[in-house]
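I opened this model to look at its surface and its inner spaces. My notes follow.

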Amino acid sequence: MSQRVEMILDVNEKPKPAQWILLSFQHVFAMFGATILVPVLTGFPISVALFASGIGTIIYSCITRFKVPVYLGSSFAYISAVQIAVAAMSGDVSAAQTGLILIGLVYVVVSILVRFIGKDWIDKLLPPIVIGPMIAVIGLGLAANAVGNAGFVTGGDWKVMLTAVFTFILTALISTKAKGFFKIIPFLCGILGGYVFALALGIVDFAPLQEVLQSGKFLSLPEFILPIALPGFKSYHLYFGPETFAILPVALVTISEHIGDHTVLGKICGRNFLKEPGLDKTLMGDGIATSISALLGGPANTTYGENTGVIGMTKVSSVYVTVGAACIAIVLSCVPIVSAFISTIPNAVLGGMSIILYGVIASNGLRVLIDNQVDFGQQRNLIIASAMLVIGLGGAVLPLGKLVTLSGTALSATVGIVLNLILPREKQTAEKSK
């Protein structure tokens with residue numbers, strides 16, 4: 001039984017109207033920076049990512065019977081896989097979006113298996129020694145993008161580098177020194193501060209904003225990219241080639257993150273969400289939300305630790321608040337000037353912030369290993385982690401016939417799972433004499 005935690009507003013309690021709006025906006029601020037960063041880095045429409053996070057959160061809440069105060073935002077785990085798929089298709093997003101649709105269906109299949117046979121098999125397939133290096137590879141695999149955007153390359157512009165350094169330091173100081181509400185939005189503060197600094201140096205391009213202002217379109221549907229041709233929208237086709245299937249193994253990483261996030265949220269709220277409403281329902285909600293997002297041309301969805309942090313600090317776990325935040329995100333997605341303004345954020349600002357963000361992702365992988373006291377004195381653990389890191393970061397590619405090519409995080413995860421299953425477990429060493 002989970003110990004009951006005293007909350008100001010519990011999961012099923014509704015706040016007063018004015019309070020409801022403010023609390024929901026707080027969640028929007030918490031998720032906003034990370035949710036829009038994924039489409040910015042992958043070149044996908046920001047408006048669709050906002051819409052998908054909102055509609056995805058509502059779908060998730062319905063499937064979990066409004067029993068879990070989760071907010072779904074854009075997943076960072078698939079950035080590398082999506083970028084590789086788009087590059088392999090010469091800029092065509094068909095493989096990437098089809099792969100993300102299938103990722104959602106993988107979640108649905110796993111949720112059905114959990115419903116009928118339990119979740120012990122997941123624990124055996126994805127122990128900490130596999131999950132930790134998986135997460136580290138995700139963060140470190142994106143390191144080159146952060147460094148490139150920050151301008152720390154041969155012949156780099158000093159203005160770009162200075163802006164990146166300023167953004168980095170500001171984000172770090174807010175994350176470590178700020179109090180109260182600002183403590184949970186360091187990345188959003190970093191973006192705003194870095195943007196002002198970039199303005200002072202004259203490296204902000206206002207062309208996207210001017211285009212919207214000249215068009216006079218202040219309300220419109222998000223820039224959906226659809227699997228069917230419709231007037232006014234871009235389209236892609238469902239593509240089931242090797243570039244698509246190479247994305248699927250990354251689901252192993254995000255499913256493990258899903259379980260971890262719900263465990264942490266359960267401790268904060270004094271509930272066991274893996275039992276009620278159940279892991280099968282939370283996975284189902286997350287998976288269907290991701291498939292719907294991908295169908296509309298958006299990124300994969302995932303549970304957001306930023307919003308879990310808000311709940312922990314405010315002691316407000318009302319699902320009304322998270323659903324309210326979802327509705328606000330949908331409204332913002334229909335205001336083109338919001339997306340246009342975000343498009344003017346210089347790469348230097350994103351680079352400086354991403355150095356921290358990607359590093360935090362990688363460090364969370366180390367944290368998994370430390371929290372679970374993984375013993376690197378055991379040779380099997382050392383071999384598994386070493387192989388996963390080298391293969392995941394070394395650009396390894398493994399073609400499996402004409403249908404599937406594994407690379408990056410997907411190949412690293414596959415290697416870790418296989419090694420964990422086949423390497424013999426070492427006997428516990430005798431206790432050292434005192």
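A helix here is a DSSP run, H or I, of at least four residues, numbered from the N terminus. The model is predicted.

**Entry 1: second largest cavity**

I began with the second largest cavity, whose volume is about 60 Å³. I counted 12 lining residues. Val 70, Leu 265, Thr 303, Tyr 304 and Thr 308 lie nearest its centre. Two or more lining residues come from each of helix H12 (251–269) and helix H14 (305–314). Which helix gives the most to this lining? I found that H14 does, with 4 residues. By class I noted 6 nonpolar, 5 polar and 1 charged residues.

**Entry 2: largest cavity**

I then checked the cavity count, which comes to 2 at 30 Å³ or more. The largest holds about 80 Å³ of space. Its lining includes Val 38, Thr 42, Phe 44, Tyr 78 and Gln 97. Gly 298, Pro 299 and Ala 300 also line this cavity. Helix H1 (17–42), helix H3 (79–88) and helix H4 (94–117) supply at least two lining residues each. I noted 8 nonpolar and 4 polar residues in this lining, with no charged ones.

**Entry 3: nonpolar surface patch**

I found a nonpolar patch of about 610 Å². Among its residues are Val 147, Phe 152, Phe 168, Leu 173 and Ile 355. Helix H8 (residues 158–177) contributes the largest share, 4 residues. Where does Phe 152 lie? I located Phe 152 in the loop between helix H7 (143–149) and H8. Phe 152 has a relative accessible area of 39%, so I logged this residue as partly exposed.

Note on methods: Residues numbered from 1 in each chain as written. Predicted model: local features only at pLDDT ≥ 70, side-chain atom pairs only at ≥ 80, totals over all residues. Heavy atoms only, no water. Patch = residues over 30% accessible without salt bridge, like charges linked within 9 Å, V, L, I, M, F, W, Y side chains within 5 Å. Areas by Shrake-Rupley, 256 points an atom, 1.4 Å probe, with all protein chains shown as cover. Salt bridge = Lys/Arg side-chain N within 4 Å of Asp/Glu carboxyl O. Buried < 20%, exposed > 50% of the residue type's maximum accessible area, 1.4 Å probe, protein only. 1 Å grid on protein atoms, 1.4 Å probe; cavity = no way out; pocket = protein on both sides within 12 Å on 5 of 7 lines; lining within 4 Å. Points joined across faces, edges and corners; volume = space filled by probe spheres on them. Nonpolar A, V, L, I, M, F, W, Y, C, P; charged D, E, K, R; others polar.
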